[in-house]
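Subject: Structure for you to look at

Hello,

Here is the structure I said I would pass on. My notes follow below it.

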Amino acid sequence: MLNQPACERAFGLTFLTWDNSVYTRPMRVLMLSKACVVGAYQRKLELIAALGVDLTVAVPPEWRDERGVLTLERAHTQGYGLVVTPIWFNGNFHLHVYPRFGELVVRLKPDLVHIDEEPYNLATWHALRLAARHGARTVFFSWQNLLRRYPPPFNWIERDVLARADAGIAGNQAAAEVWRAKGYRGPLYVIPQFGVDPEIFASPPAPAAAAARPNAGVRREVTVGYAGRLVPEKGVDLLLLAAAQTPGVRVRIVGAGPERGLLENMIRHFGLQGRVTLEGMAPSTQMPALLAQFDALVLPSRTRPNWKEQFGRVLIEAMACGVPVVGSDSGELPNVIGDAGLVFPEDDAEALAAHLRALRDDPVLRARLAEQGRARVLAHFTQQKIAEQTVAVYRSLAAGK
């Protein structure tokens, strides 16, 4: 039987039975996350629950953005509760809210509410107030790596959340620095929102890899992929400019967004119809098989006044699959890539083209980057590591309680 100090160290939850002996129960966590409509992300939730957390995750039935409608995928749902809750103002990043979230708080009586949202969003403020009303600890999540000032009511929302939240999680170091600069003085941890499962995102055996990549073999031709939103800040137009300068490079663009028409015009203008394909969005569960078809993945993001790259999750997915990666130096990308890929100055099409030529001409380089990329993911970016770090935050908050 655990003694009382041991119980408090474990989760901070101590109870007495009828005969005054001590027992513990798992910490009860309620998470609110629109991001977890994506099936691949749900693996982290299973791992959090496996670490002894009584976890319930509330998600909307869908989320809408510039790509279209992201409908809830049920890919990893073992060991925790996945609850679909209504959402108002779907697609409005700042104003969306979950009108029935309070009912979940009353019914589940969580010890902690993990609000997987930015501090300046209405959904965060609403969920935090409901949690505090019922005595639950609260933690918010943020990717915001630019020091931005918001007009009312969002600056009021942000100020109140920062004053009341028990802890914050920042997806990168720059985001942590933003919230310190804005006056947040509570516990603040730097943990990416999601990692990858290296058993799902894995390098196929050599024969399978060759079959997946139809251009593999003795050649000077490679298939380069992009997967993500088709918006100006992602720089997909730059990839087309670089490809136009680089014979022997085929490009597959997987995604959706408002720039599709512009990219189609560029393909025609540069005569790239035979080398570039524009494909629609792919479900997250199909990403491992899709990445296995690429010889390299490129993320050519460019910084904008209101945005810079916050992480680039597709990079670690590709690296886990043994696919060499190339990224610009926007925001967090160089820190994610480290020495396991190639980095170029953002908006520099010639520098990107030089990297594409190097990958086209040097199979030894491709093999080395593939090996280093997977090793880097295993060391820093697995779902297991992210789950363990997240649960450590929960336990720290419970111990403080």
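Which residue in β14 stands opposite isoleucine 253? The residue is leucine 278. Strands and helices here are DSSP runs numbered from the N terminus, with at least two residues (E) for a strand and at least four (H or I) for a helix.

Two remarks on the source. This is a predicted model, in which local features need pLDDT of at least 70 and side-chain atom pairs count only at pLDDT 80 or more, while totals for chains, interfaces and linings use all residues. Residues are numbered from 1 along each chain as its sequence is written, and side-chain values use heavy atoms, with hydrogens and water left out.

Around β13

Strand β13 (residues 249-254) is joined to β14 (residues 276-279) by four bridges, and the two run parallel; strands pair if DSSP finds at least two bridges between them. The path from β13 through α9 to β14 is a right-handed β-α-β crossover, meaning that, with the strands pointing away from the viewer, the path from the first strand over the helix to the second runs clockwise. β12, α8 and β13 also make a right-handed β-α-β unit. β12 (residues 222-227) runs parallel to β13, with six bridges between them, and glycine 225 stands opposite arginine 252. Of the six residues in β13, five are buried (under 20% relative accessible area, 1.4 Å probe, protein chains only).

The axes of α8 (residues 236-244) and α9 (residues 260-269) come within 10 Å and cross at roughly 10°; axes are lines fitted to C-alpha atoms over the stretch in contact, and angles run from 0 to 180 degrees between N-to-C directions. The two helices are therefore roughly parallel (under 35 degrees). Val236, Asp237, Leu240 and Leu241 in α8 meet Leu263, Met266 and Ile267 in α9 (heavy atoms within 4.5 Å).

The seven-stranded sheet

An open sheet with parallel pairing has the strand order β7-β4-β3-β8-β9-β10-β11. β7 (81-84) and β11 (188-190) are at the edges with a single partner strand each, so one side of each has no neighbour in the sheet. The twist averages 20° from one strand to the next. Helix α4 (residues 122-133) packs on this sheet and touches β3, β8 (112-115) and β9 (137-142), its direction making about 180° with that of β8.

Threonine 124 is found in α4 and counts as buried, at 0% relative accessibility. Leaving aside residues up to four places away in sequence, threonine 124 touches Ile115, Glu117, Glu118, Pro119, Phe140 and Val161.

Regards

How values were computed:
Buried < 20%, exposed > 50% of the residue type's maximum accessible area, 1.4 Å probe, protein only. Parallel < 35°, antiparallel > 145°, perpendicular 65-115°, else oblique.
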